[in-house]
Amino acid sequence: MSKGAATIVLDRDGVINHDSDNYVKNEDEWIPITGSMDAIAKLHQKEYQVIVATNQSGLARGYFDEVALAAIHQKLNLMAEEAGGLVSAIFYCPHLPDANCQCRKPKTGLLKQAENELGISLANSYLIGDSLKDLQAAVAFQMKPVLVRTGKGRDTELSLKGRLKVETPVFDNLEAAADWVLAE
Ligand SMILES: [Mg+2]
Ligand SMILES: [Zn+2]
């Protein structure tokens, strides 16, 4: 693959790290799912630009602040680099679900922001998520949705039937999804 040819967008909670009903509020609560760091490393080493797009309404709810979120993302970045990978950018929505912002998935503002800031097109790129919101954002942005069964993924898979226009491959976890993407 030629340089800069492909970007892959990952949801964070439930895809890269274990999700929590109580929100991931600090770096100690941010625990990677087995294999996810290796998956990011493999993608990076095969010349994929890996970026993250994540809803973080816990900010608006006051469960954590920007400083804590930055520390969480520093941990994510460091662990990815220790595994031999690279996360090029992390885009997050800080708003409440009812704020009617343009960035909270299933809206596509985070994806548009990524395109603008990185000077790339995400059309036909993969977006890997565990929630219906992720898959809907991907489809709305002409991206290819991929579902993982980690996080909310099993529930999403059960409720998915007939709700997406685009065929959605489903994998047990990010590592399996990444292996499939790399074999495509
Ligand atoms: Mg998620
Ligand atoms: Zn937002």
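Guide: A residue is buried if 20 or more other C-beta atoms lie within 10 Å of its own, exposed if 12 or fewer, and partly exposed in between, with C-beta atoms placed from the backbone. This is a predicted model, in which local features need pLDDT of at least 70. Residues are numbered from 1 along each chain as its sequence is written.

Visitor: Which residues of helix H3 are buried?
Guide: In H3 (residues 109-118), they are Leu110, Leu111 and Ala114. Helices are DSSP runs of H or I with at least four residues, strands are E runs of at least two, and both are numbered from the N terminus.

Visitor: Why are the buried residues of H3 said to line one face of the helix?
Guide: Seen down the axis, they fall within an arc of 100 degrees, so they line one face. The arc is that of the directions from the helix axis to the C-beta atoms.

Visitor: Why does Lys133 count as partly exposed?
Guide: Lys133 has 18 C-beta neighbours inside 10 Å, so it counts as partly exposed. Lys133 lies in helix H4 (residues 132-140).

Visitor: What makes H1 roughly parallel to H6?
Guide: Helix H1 (residues 36-45) and helix H6 (residues 174-183) pack at an angle of about 20 degrees, with axes 8 Å apart. That makes H1 roughly parallel to H6, as angles under 35 degrees count as roughly parallel, over 145 as roughly antiparallel, 65 to 115 as roughly perpendicular and the rest as oblique. Axes are lines fitted to C-alpha atoms, for helices over the stretch in contact, and angles run from 0 to 180 degrees between N-to-C directions.

How values were computed: Chains lettered and ligands numbered in written order. Predicted model: local features only at pLDDT ≥ 70, side-chain atom pairs only at ≥ 80, totals over all residues.
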